[in-house]
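Open the model in your viewer and keep the selection tool at hand. The tour goes from one selection to the next and says what is there.

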Amino acid sequence: MDFNPELNEDQLQIQQWVHDFASEVVRPAAADWDEREETPWPIIKEAAEIGLYSWEFMAEAMMNDPTGLTMPVALEELFWGDAGIGLSIMGSGLAAAGIAASGTPEQVMEWVPQCYGTPEDLMLGAFASSEPDAGSDVAAIRTRAVYEESTDEWVINGTKTWITNGGIADVHVVVAVVDPELGSRGHASFVIPPGNSGLSQGQKFKKHGIRASHTAEVVLTECRIPGNCVLGGKDKLEERLARVREGKSGNAQAAMQTFESTRPAVGAQAVGIARAAYEYSLEYAKERRQFGRPIIQNQSIAFILADMATEIDAARALVWRGAWLGKHKKYRNAEGSMAKLKAGRVAVWATERAIQILGGYGYVRDYPVERWHRDAKIYDIFEGTEQIQQLVISRAISGMRIE
Ligand SMILES: Cc1cc2nc3c(=O)[nH]c(=O)nc-3n(C[C@H](O)[C@H](O)[C@H](O)COP(=O)(O)OP(=O)(O)OC[C@H]3O[C@@H](n4cnc5c(N)ncnc54)[C@H](O)[C@@H]3O)c2cc1C
C-alpha cells in the first residue's frame with residue numbers, strides 16, 4: 001500500500017464526529033477547566049457516553065486502520081477543541097499503549113479495559129516512566145522491582161514524577177529496574193492493579209499549560225503486586241535478561257520502531273492546537289479594523305497567516321507520513337521524531353504569532369489564544385524533548401554516535 005493523504009469514508013466520518021464533540025462540548029468548557037486546574041470528569045464522562053473515551057475506540061482506531069491516519073486525524077480534532085481536556089481524555093491511552101506494547105494478549109484483555117471503565121464507572125490509566133533524576137535519560141531510572149519467590153509477588157519501591165493521571169489513575173503502568181547491572185536493558189514494565197495501598201500520589205503540579213490534565217508524582221513504597229503483573233510475563237522477562245547478559249541483542253530495533261510510532265500521534269495533538277490558533281487569528285484579522293481597514297490588509301499580518309497555514313500543513317504532512325510509516329514499520333530516518341519535532345515547534349510558533357495578531361486581546365484570558373500558547377509549549381518537552389528528537393534524528397541520518 002502506498003502512502004495516500006486522502007482520507008477514506010470512515011476517517012472522514014470519525015474526523016467530523018470528533019470535531020463536533022470538540023466544538024460543542026470541549027471548547028466551550030476549556031477556559032473553565034484551565035482555571036480550575038482539575039480533571040474534567042463530566043467531560044470525560046460525555047466522551048465515554050459517545051464512545052470516544054473507550055478502549056473499543058482506541059482498539060478500532062489503532063488496529064483496524066491499515067493507513068495509520070485515523071488516530072492522528074481524531075487527535076488533531078480533539079486537541080483543536082482543547083489540549084488540557086484532550087489529554088485528560090487521551091491520557092489513559094498512554095497506559096493502554098504501554099500494556100499493548102509489552103503485554104501478553106491475556107494481559108491486554110485484562111488491563112486495557114480497566115484503563116477506561118464504563119460511562120457509569122469511569123476509570124483512568126497512567127504510564128509512569130519519568131523520575132526526578134531520570135527524564136530524558138531513561139537509563140537512569142532507579143525505581144526497583146524485586147521478585148519475592150515465597151509469595152510470588154513483585155515488590156516495587158521508587159518515586160515517579162510528572163505522571164499524567166498519576167495517583168488518580170486506577171491502573172498504573174510503571175517502568176522499573178529488575179537488573180541494575182544491565183542499564184536500560186534491565187528494565188521491565190509492571191501493571192499496578194487498582195487500589196494498591198503501596199502506591200500513593202505525591203505532589204500535584206501546578207502547570208503553565210494543559211492545566212485540565214492532572215500531572216503528579218507517584219510514590220511506590222513496598223508496593224506489592226502479583227507475580228503475573230510483569231508485562232510480557234516472567235518467563236519472557238527471564239529469557240530476555242539472559243539474552244542480554246550473554247551480550248545478545250535486547251530487541252533494540254523493535255523498541256525503536258515502537259517509540260517512533262507513538263510520536264506522530266503526539267505531533268497530531270500539537271497540530272490541533274496550532275490550527276485552533278491559526279483559524280481564530282485569521283477570522284480576527286479579517287474583522288479587526290485599525291487605520292480604517294481590516295488588519296489582514298496589512299501584508300505584515302497577512303503574511304504571518306500565510307506562513308501559519310503553510311507551516312501547519314507541513315507539520316500535518318510530516319505527522320501523517322510518520323503515522324503511515326509507523327503502521328508499515330518502514331522508518332528509516334526517524335520520521336516519527338521528525339513529525340513530533342516539527343509539530344511541537346509549529347504549535348509554539350503559531351500560537352505566539354496568534355497572540356501578536358490579536359495584540360492586547362491576545363494577551364488576556366478573555367480570549368483563548370494565550371491559553372493555546374501556554375498549552376503548546378509542552379509539545380517541546382514531553383514524550384521526548386525537542387533536543388532528544390534532534391538526537392534521535394541526527395543519529396538516524398548519520399548512523400553515528402552523537403552525544
Ligand atoms: C505536563 C507533563 C506531563 C508528563 N507526563 C508524563 C507521563 O505521563 N509519564 C511519564 O513517564 N513522563 C511524563 N512526563 C515527563 C516528560 O516526559 C519529561 O519531562 C521529559 O522527558 C523531559 O525530562 P526532564 O523534564 O527530566 O528534563 P531533562 O531530561 O532534565 O532535560 C532538561 C533539558 O536538557 C535537555 N537535554 C537532556 N539531555 C540532553 C542531551 N543528551 N542532549 C541535548 N539536550 C539534552 C532537554 O532537551 C531539556 O531541554 C510529563 C512531563 C510533563 C511536564
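Which of the 19 residues around the ligand come nearest? Select Phe127, Ser130, Ser136, Thr385 and Gln387: these are the ones. Keep in mind that this is a predicted model.

**Stop 1: the ligand**

Begin with Phe127 and show its backbone. One of its backbone N or O atoms lies 2.8 Å from a nitrogen atom of the ligand. Next select Trp162, where a polar backbone atom is 2.8 Å from a nitrogen atom of the ligand. Then move to Thr385 and show its side chain. An N or O atom there is 2.6 Å from an oxygen atom of the ligand. How much of the ligand does the protein bury? Taken alone, the ligand exposes 970 Å², and the protein buries 66% of that.

Now colour the strands. Strand S1 (125–128) and strand S3 (153–164) each supply at least two residues of the shell around the ligand. The largest share, three residues, comes from S3. If you colour the shell by residue class, you get nine nonpolar, eight polar and two charged residues.

**Stop 2: helix H4 and helix H10**

To see the contact, show the side chains of Pro72, Val73 and Glu76 in H4, which meet Arg316, Val319, Trp320 and Ala323 in H10. By class, this contact has five nonpolar residues, two charged ones and no polar ones.

**Stop 3: helix H4 and helix H5**

Which residues of H4 and H5 meet? On the H4 side they are Met71, Leu75, Leu78 and Phe79, and on the H5 side Ala83, Gly86, Leu87, Ile89 and Met90. This contact of H4 with H5 has eight nonpolar residues, one polar and no charged.

**Stop 4: Glu386**

Finish at Glu386, which lies in helix H14 (residues 386–398). Show its side chain and that of Arg345: a polar contact of 2.8 Å joins the two. What else is Glu386 in contact with, leaving aside its neighbours within four places in sequence? Besides Arg345, select Leu341 and Asp380.

Note on methods:
Residues are numbered from 1 along each chain as its sequence is written. This is a predicted model: local features need pLDDT of at least 70, side-chain atom pairs count only at pLDDT 80 or more; totals for chains, interfaces and linings use all residues. Side-chain values use heavy atoms; hydrogens and water are left out. A residue is near a molecule or strand if one of its heavy atoms lies within 4 Å of it. A polar contact is a pair of N or O atoms within 3.5 Å; within protein, one must be able to donate a hydrogen and the other to accept it, and residues adjacent in sequence count only if both atoms are side-chain atoms. Accessible areas come from the Shrake-Rupley method with a 1.4 Å probe; for residues, only the protein chains shown count as cover. Helices (H or I, at least four residues) and strands (E, at least two) are DSSP runs, numbered from the N terminus. Ala, Val, Leu, Ile, Met, Phe, Trp, Tyr, Cys and Pro count as nonpolar, Asp, Glu, Lys and Arg as charged, and the others, Gly among them, as polar. Contact means heavy atoms within 4.5 Å.
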